[in-house]
Amino acid sequence: MKALLLSRVTVVWGLLIAATLLSWQLGHGVGFDDARLAGAAILIVTFIKVRFVIRDFMEIRHAPRWMRRVGDGWVLLIVALLVGLFLSA
């Protein structure tokens, strides 16, 4: 049982739950006075979660290095575009 609780997948799952709770808190006005900044922070937390899911639940962690880099680049590009569009609106 201890090995199951300390496995990487379980730890990542716990981090995903914590990130979801953080996003919920940010969405309810905790930490930011400006709703746009809170929205940008929620987007960033969301894409951190996306990276965890891609790496650990889609088994990209053990893929070739170029594939991991492409996945990371995609996450960075999309979050940068979305946060930029969100803050410029």
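Trainee: Is Asp56 buried or exposed?

Mentor: Good place to start! This is a predicted model, and in it Asp56 is buried, with a relative accessible area of 10%.

Trainee: Which residue does Asp56 form a salt bridge with?

Mentor: First the general idea: side chains of opposite charge can pair when their charged atoms come close. Here, the partner of Asp56 is Arg61, and their closest N and O atoms are 3.0 Å apart. Arg61 is partly exposed, at a relative accessible area of 26%. Salt bridges with shared partners also join Arg8, Asp56 and Arg61 into one network.

Trainee: How many salt bridges does the structure hold?

Mentor: The structure holds four. Two of them involve Asp72, so let's look there next.

Trainee: Which residue forms a salt bridge with Asp72, with the closest N and O atoms 3.0 Å apart?

Mentor: That is Arg51. Asp72 lies in helix α4 (residues 65-88) and Arg51 in helix α3 (residues 35-57), so this pair ties together parts 21 residues apart in sequence.

Trainee: And what is the N to O distance in the salt bridge between Arg55 and Asp72?

Mentor: For that pair the distance is 2.6 Å.

Technical notes. Residues numbered from 1 in each chain as written. Predicted model: local features only at pLDDT ≥ 70, side-chain atom pairs only at ≥ 80, totals over all residues. Heavy atoms only, no water. Salt bridge = Lys/Arg side-chain N within 4 Å of Asp/Glu carboxyl O. Helix = DSSP H or I, 4+ residues; strand = E, 2+ residues; numbered from the N terminus. Buried < 20%, exposed > 50% of the residue type's maximum accessible area, 1.4 Å probe, protein only.
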